[in-house]
Amino acid sequence: MKTLSLTINEKKIVTEKGKKVLWAALENGIFIPHLCAIEENPSPFGSCRLCFVEIEGKEEPVTSCTEEVTDGMIVNTRTESVLRLVRMAFELIMSRHPIVCKECPANKKCALQNISHEMGFKLKPKKLPQILPNLPVDDSHSLFTYNPNLCVLCGLCVYICNEIVKEAVLDFNFRGFITKVGTFQNRPLAESKCNPCLKCVEVCPVGALSKKVSGKEIPLTRL
């Protein structure tokens, strides 16, 4: 394995050649917020816009999930411009995400809570009004529930379902402001060819997909 060295936030690290900056940072204890990235995906979505960093020699901040490390690279994750971009991206996400942590199955293990804690961001957006979705919860599947109101459209479940499990049950439906994750023709999960792998549930960072306990649904507020 070929390695190279770089500096992130004045910390010198050694990592594998070809690795993305995001994963090199996380492996060395340097937090960079992210929702849509998964290391197995060679072509990251880069859609959540949370993992911006500044790299010496580049004019503008770049997404760390798409930027490959180079030898001698100098990265900063907490510059003023980076924090401004990340804070705005987080506010945009939270403007569409209900804050119902106590009732959410991902409470205390939610990626949004973690980002809020690590970055010092409030969950409730300060500058943007909350315009919340009001979509029906799909609890038709015997093993898990899908609450699209909690979904942040990170696409991890879509990637896992299509590229790893090869079932192609989940995908993005509709476009623009009404985009949602769902099945073909937005049918209930129980009517799809979904298998019981639960890989989509495991990868969901916010509790939109949640496993039922002993055949019973985990309590969820119908929004």
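**Close-up 1. Strands E3 and E4 form an antiparallel pair.** Two bridges join E3 to E4. Val 53 faces Val 62 of E4 across the pair. Six residues separate the strands of this hairpin, and Gly 57 has a positive phi near 100 degrees there. Pairing requires at least two DSSP bridges between two strands. Helices (H or I, at least four residues) and strands (E, at least two) are DSSP runs, numbered from the N terminus. The model is predicted, with residues numbered from 1 along each chain as its sequence is written. Local features need pLDDT of at least 70 and side-chain atom pairs count only at pLDDT 80 or more, while totals for chains, interfaces and linings use all residues; side-chain values use heavy atoms, with hydrogens and water left out.

**Close-up 2. E5 pairs with E3 and with E1.** E3 and E5 run antiparallel, joined by two bridges. Ile 55 stands opposite Val 75 of E5. E1 and E5 (residues 74-76) are parallel, again over two bridges. On that side, Val 75 of E5 has Ile 8 opposite.

**Close-up 3. E1 and E2 make an antiparallel hairpin.** E1 covers residues 3-8 and E2 covers residues 11-16, with six bridges between them. Thr 15 of E2 is the bridge partner of Leu 4. Ile 8 stands opposite Lys 11 of E2. Two residues lie between the strands, and Asn 9 takes a positive phi near 50 degrees.

**Close-up 4. Five strands build an open sheet with mixed pairing.** The strand order is E2-E1-E5-E3-E4. E2 and E4 (62-63) are the edge strands, each pairing on one side only. H2 packs on the sheet and touches E3 (52-55) and E5. The direction of H2 makes about 160 degrees with that of E3. Angles run from 0 to 180 degrees between N-to-C directions, and axes are lines fitted to C-alpha atoms, for helices over the stretch in contact. Contact means heavy atoms within 4.5 Å.

**Close-up 5. H2 and H3 cross at roughly 150 degrees.** Their axes come within 12 Å; H3 spans residues 111-119. The crossing is left-handed (the near helix is turned anticlockwise from the far one by less than a right angle; clockwise would be right-handed). H2 contributes Leu 83, Val 86, Phe 90, Ile 93 and Met 94 to the contact. H3 contributes Leu 112, Ile 115, Ser 116 and Met 119. By class, the contact has eight nonpolar, one polar and no charged residues. Nonpolar means Ala, Val, Leu, Ile, Met, Phe, Trp, Tyr, Cys and Pro; charged means Asp, Glu, Lys and Arg; the others, Gly among them, are polar.

**Close-up 6. The largest pocket holds about 510 Å³ of space.** Its lining counts 22 residues; Ile 93, Arg 96, Cys 151, Val 152 and Leu 153 lie nearest the centre. H2 (residues 80-94) gives the most to this lining, with three residues. The lining has 13 nonpolar, six polar and three charged residues. A pocket is an open set of points, on a 1 Å grid over the protein atoms alone, where a 1.4 Å probe fits, with protein on both sides within 12 Å along at least five of seven lines; lining residues have an atom within 4 Å of a point. Points are joined across faces, edges and corners, and the volume is the space filled by probe spheres set on them.
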